[in-house]
Amino acid sequence: MNTLKKINSALISVFHKDGLDEIVRTLHKLDVKIYSTGGTQSFIEGLNVPCIRVEDVTGYPSILGGRVKTLHPKVLGGILARRDNAEDVQQLAQYEIPEIDLVIVDLYPFEATVASGASYDDIIEKIDIGGIALIRGAAKNYNDVIIVPSKNQYQQLSTLLKEKQGQSELTDRVSFAGAAFAVSSHYDSAISNFFNKEVENIERVSLNDGKVLRYGENPHQRATFYKFNNTTNGANLADAEILQGKELSYNNMLDADAAWKAASDAFHSVTHLKHKSAVSVVKHLNPCGLAVTDSILKSLELAWAGDPISAFGSIVCFTETVTLEIAQWFNKRFVEIIIAPDFTTEAIEELGKKKNLRVLKTPIKECVTGEKLFRSVNGGFLVQDEDEGLDTEFKTVTKKQFAENKMNLAKFGITACKHLKSNAIAVVTENSDGSFWLTGAGMGQPNRLDSLSQLTMPRFDMKEGISIADSVLISDAFFPFKDSIEAAHKYGVKYIVEPGGSIRDEEVIEACNEFGMAMLFTGKRHFKH
């Protein structure tokens, strides 16, 4: 069966015109009649290519400030008419409706307008109506019409026009129609999410242009990465520029995201330093090192010293520019990925000696982005808000007052702890120069006592000048029994932070009083499953 069809006429109405000139000139050479309106018409005429105004076909001008241009039977009829249906063909002749064989549309940039922080009225005006109607109509009639639904398909059409000299096969038209419905559904999802952002039981997830990864969590699992179009001020790990190294794997992306969030949040949690630099060292989604000091080298050394064994093969994230000195620091150390807002030219040259090392450039994360977290369960998925922001409510609940000079350290510790997998325990320490670092961590255990008993890092007797009695221990959730307090006492802990909320809070508080500990309640839990 011959499904080859020649393009005799085209309707072009687009927002983005980059790359359109080649298509227009090719259509003109193929003697294709072009219809257009508004800015697109002016663009085509500027190429010295003749086109027919849509207004001359419909008998109506563009009205309502451009809101209505192509919504007319003489336009949509020419697109939707079935060429093999005698009644459709008869009605085209009766009402003098021209057939349209090719429709090229590029919708108003709704998502980009929202992301730009534009006014509400400007956002509403970027809801495309006529373009969506053209896309859906042409895609529905794929048997006779080719639809180009966005600038992303310009090159595909240009290639087709040249290779087939203005003709198309049914398979070509079906391919374009599939892309068209993907564009229209994604567009509608973005608009729905804008209007329903405060509605908790409505969520539209539309993902395009997935990047197939080498494999998933394990080599026998397939995996694809999809990017959301919700970048905040350019600070988004999905937008990170890969400066060198192998492509990121599924596990790499998860660990890189964890490192980026931990370093960024630690940076925001510290306010007492005039100049601050944060560094995170992450392994299997858990920070095994985290530090904020007044210099990038000092932060790196402390973060690495937190757990140098686990740091092997880790992901390291910085919150300021990586210099040659920092790059050379890694010469005899193996890491998978280094992330930073920027790198000096000399640093890139030095890191380039490690061909497999991935180097990512991206701004630090904002303190609050409004991101949503998505996790799948069998047969569906869960959506929740990101655990963002800093704790602001603190209450001493023990006889011993929580020292005022420990409050900044406690805030840093809460941030460190919330990035560990539950059940999570963090021990943080302040050096004499005001530096904060993660010096002990227990995570991922089925009960809190085990996490406390199996702290991976605190060898305080081996760390010169460090006293656990001067450090702060943080729990991501309440202690259900006093046994955890007893275990902390054996370590020599004197300062504890937890959210509170257990039916046995009084028992836990009394244990702290017995051991002369100060305990702070925050009222906010930070589980991380």
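N252 is buried, with a relative accessible area of 7% (buried means under 20% relative accessible area, exposed over 50% and partly exposed in between, with a 1.4 Å probe and protein chains only). The structure described here is a predicted model, in which local features need pLDDT of at least 70 and side-chain atom pairs count only at pLDDT 80 or more, while totals for chains, interfaces and linings use all residues. Residues are numbered from 1 along each chain as its sequence is written, and side-chain values use heavy atoms, with hydrogens and water left out.

N252 belongs to helix α11 (residues 250-269); helices (H or I, at least four residues) and strands (E, at least two) are DSSP runs, numbered from the N terminus. Leaving aside residues up to four places away in sequence, N252 touches R214, E247, E336, I337 and R358, where contact means heavy atoms within 4.5 Å. With R358, the N252 side chain also makes a side-chain to side-chain polar contact of 2.8 Å. Such a contact is a pair of N or O atoms within 3.5 Å; within protein, one must be able to donate a hydrogen and the other to accept it, and residues adjacent in sequence count only if both atoms are side-chain atoms.

Turning to the sheet, 5 strands form an open arrangement in the order β4-β3-β2-β5-β6, with parallel pairing (two strands pair if DSSP finds at least two bridges between them). At its edges lie β4 (52-53) and β6 (146-148), each of which pairs on one side only. Strands β2 (residues 9-14) and β5 (residues 102-106) are joined in the parallel sense over 5 bridges, and V105 in β5 is the bridge partner of S13. Helix α9 (residues 154-164) packs on this sheet, touching β2, β5 and β6, and its direction makes about 155 degrees with that of β5. Here axes are lines fitted to C-alpha atoms, for helices over the stretch in contact, and angles run from 0 to 180 degrees between N-to-C directions.

Some loops deserve a look at their backbone. Most residues other than glycine have a negative phi, and most peptide bonds are trans. D31, in the loop between α1 (20-29) and β3 (33-36), has a positive phi of about 65 degrees and is exposed, with a relative accessible area of 66%. Q165 sits in the loop between α9 and β7 (167-168); its phi is positive, at about 50 degrees, and Q165 is exposed, with a relative accessible area of 52%. Finally, the peptide bond from S422 to N423 is cis, with omega near -10 degrees, and N423 lies in the loop between α15 (407-418) and β19 (425-430).
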